[in-house]
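User: I would like to learn how to read strand pairing and helix packing in a model. Please take the features one at a time.

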Amino acid sequence: MSLAEPVRYTPAVEEIQPGEQETIQGLNDTFDTILETTAKEDGHAVRSVHAKAHAILEGRMVVADNLPPELAQGVFACPGEHKVYMRISTNAGDILPDTISLPRGLALKVLDVEGKRLPGAAGTTQDFIMVNGPVFQAKTADKFLGNLKMLAATTNRMEGVKEVVSSVARGLNTALSAVGIESTKLQSLGGAPNVNPLGETYYSVTPFRYGDYIAKFSVAPVAPALLAHKDQQIDASDDPDAIRDAVRSEMQSIDGVWEFRVQLCRDLEKQPVEDPTVEWDEEEAPFRTVATITAPRQDSWDPAQVQAVNEEMHFMIWTGLAAHQPLGNINRARREAYIHSTQFRERFNRCPVHEPSARQSA
């Protein structure tokens, strides 16, 4: 089937919702509950979402040669090579044992990116934040706020209960999956399969400007050693950090290779900007590879690297180029919430967060 032409970006593709600023304040207040609770009980401030990291990887991203004009946009406008950092995580705002299975996250920081930057975006990096599922759990920020308040109420509490709930939710989600139904709600409550993150494909979920166009992003494993872990379950019954240990053991002996892929919007009705609960059909809007990411074998939990990346950097979708402006209600709400979380970590830990540059360290 022939593909429709990609939709060109204009500011009109976004629809500002009534009450967005009040929702953003509600998100900040709720994130404060999570941040203050974990910091008080643990003596150390962590991220308000995706608090637990399982791996920190250093690698290189090579932008493909001879991309067609609609794909040669923003970071990917010119062929070249960039140093990258990758942070693999689980999405809760508290540090939980790995028996509580939740969706996986992948944050990617691309260094030394040239071009006009988003307002307030320091440095010369481009961040991409993804999860191992193609849709978001809530249509709008106010619905997300409702879900977040439920999570905030259980932050750092009742780990044993959470483990039981996670086990039950996993069983229900498995049963639903067997008949072709995926439940993002159950997965967010601990029903996600307890899979090895190295075999997962990650998605931006929400849309972004892609230079002259609109797109969602994906990072997919292509190295056979990574693909061997697809859908592989990790037994965490005897090890609260089983995922971290499994990834660390594996990455010391393999070279990881992923493709960075772009899904161009081709129909605003079928691929909406303001509703991230809608999956964009890949037959009508296929993902296309624009770059390759390689992380050579390494210690994925090296203490110095963990300190430099996990503690002294942040990952935020609003850090980057104007050509990759986050779009939609959820993304607009995420801007202040992410800044708010980072500033709290800086104050509590007395550790400034900064944007790195490969050129400065060369």
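User: Which residue in β8 does V219 stand opposite?

Analyst: Two strands pair if DSSP finds at least two bridges between them. In this predicted model, V219 stands opposite F260 in β8. Strand β8 (residues 256-264) runs antiparallel to β7, and 7 bridges join them. Strands here are DSSP E runs of at least two residues, and helices are H or I runs of at least four, numbered from the N terminus.

User: What other strands pair with β7, and over how many bridges?

Analyst: Strand β5 (residues 202-203) pairs with β7 in the antiparallel sense over 2 bridges, with Y203 opposite S218. Strand β6 (residues 208-210) is also antiparallel to β7, over 3 bridges, and Y210 has Y213 as its bridge partner there. β6 and β7 make a hairpin with 2 residues between them, and G211 in the turn has a positive phi of about 65 degrees.

User: Which residues point each way from β7, and are they buried or exposed?

Analyst: In a regular strand the side chains alternate between the two faces of the sheet. From β7, Y213, A215, F217, V219 and P221 point one way, while I214, K216, S218 and A220 point the other way. All of these are buried (under 20% relative accessible area; exposed is over 50% and partly exposed in between, with a 1.4 Å probe and protein chains only). For the strand, residues 213-221, that is 9 of 9 residues buried.

User: At what angle do α1 and α8 pack, and how far apart are their axes?

Analyst: Two packed helices are described by the angle between their axes and the distance between the axes. Helix α1 (residues 20-42) and helix α8 (residues 329-349) pack at about 35 degrees, with axes 9 Å apart. The axes are lines fitted to C-alpha atoms over the stretch in contact, and angles run from 0 to 180 degrees between N-to-C directions.

User: Which residues of α1 and α8 meet?

Analyst: Contact means heavy atoms within 4.5 Å. Among the α1 residues that meet α8 are I24, L27, F31 and L35; the α8 side includes R332, H340, F344 and F348.

User: What is the mean pLDDT of the protein chain?

Analyst: pLDDT is the predictor's confidence in each residue, from 0 to 100. The chain mean is 85, and 86% of residues reach 70 or more. Over residues 157-183 the pLDDT is below 50, and this stretch has 43 contacts beyond near neighbours in sequence.

User: What conventions apply?

Analyst: Residues are numbered from 1 along each chain as its sequence is written, and side-chain values use heavy atoms, leaving out hydrogens and water. For this predicted model, local features need pLDDT of at least 70 and side-chain atom pairs count only at pLDDT 80 or more, while totals for chains, interfaces and linings use all residues.
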